[in-house]
Amino acid sequence: MAYDVNGTAGVVSDLPAASPDEVKGQMTRLLDQFVDDTPGVTDALLLSRDGMQQVRCSHMEADWADELAAAFAGMAGLAGGVSGPMRAKLPPQQVLVERDDAIFLVTGAGIGRAFNTSGGSVATVLVVLACSDANIGTIGYATGRLVTRFAPFMTTPVRARDGQSDGAA
């Protein structure tokens with residue numbers, strides 16, 4: 001199944017091949033638009049599951065993004081290693097960290113084809129930072145829509161679970 005630029009499933013036959021730098025530029029624009037359009041959101045970062053920064057909103061400092069990427073990849077990994085009530089270890093749909101100074105929302109974002117220069121694909125995690133008084137419901141919904149918009153850049157987009165129509169993870 002192919003996706004259009006809005007993440008809507010359908011047939012896309014005329015998409016030109018894009019270089020990894022072009023794809024990262026397009027995804028940076030999506031992150032910037034998400035930060036600008038979502039009340040309370042201050043930053044967003046896409047990272048690999050092994051803790052490498054892949055794409056960040058354009059105003060975010062690279063060193064801070066590297067620090068967050070390492071920390072939240074570890075957190076996502078730890079959350080996936082916890083057995084649930086049925087004793088299964090499943091990847092988390094979302095991890096939420098609330099602090100006095102910020103809210104962090106961590107969610108899977110699919111497997112990207114543009115992030116590995118050797119031609120392989122990379123599993124990704126999206127980290128959204130928001131003000132401590134932001135509406136987490138609004139941010140969670142907008143984050144799910146952003147992950148859906150990433151679908152054209154992913155070899156394996158996050159799939160909607162039962163009851164979710166927008167691909168939120």
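Which residue takes a positive phi in the hairpin of E3 and E4? In this predicted model, the residue is glycine 51, with a phi near 95°. Four residues lie between the two strands of that hairpin. The strands themselves, E3 and E4 (residues 53-56), pair in the antiparallel sense, and three bridges hold the pairing in the assignment.

Strand E3 also has a partner in E7. Seven bridges join E3 to E7 (residues 122-130), and these two strands run antiparallel.

Strand E3 spans residues 41-48, and seven of its eight residues are buried, so the strand is largely enclosed by the rest of the structure. In a regular strand, side chains alternate between the two faces of the sheet.

Stepping back to the whole protein chain, the secondary structure comprises three helices and eight strands. Along the sequence these elements follow the pattern β-β-α-β-β-α-β-β-β-α-β. Of the 169 residues in the protein chain, 41% count as buried. Among contacts with a separation of 6 or more, 55% are accounted for by residues 24 or more positions apart. The accessible surface of the protein chain comes to about 9,300 Å², and carbon and sulfur atoms contribute 51% of that area.

Definitions and conventions: Residues are numbered from 1 along each chain as its sequence is written. This is a predicted model: local features need pLDDT of at least 70, side-chain atom pairs count only at pLDDT 80 or more; totals for chains, interfaces and linings use all residues. Side-chain values use heavy atoms; hydrogens and water are left out. Buried means under 20% relative accessible area, exposed over 50%, partly exposed in between (1.4 Å probe, protein chains only). Two strands pair if DSSP finds at least two bridges between them. Contact means heavy atoms within 4.5 Å. Accessible areas come from the Shrake-Rupley method with a 1.4 Å probe; for residues, only the protein chains shown count as cover.
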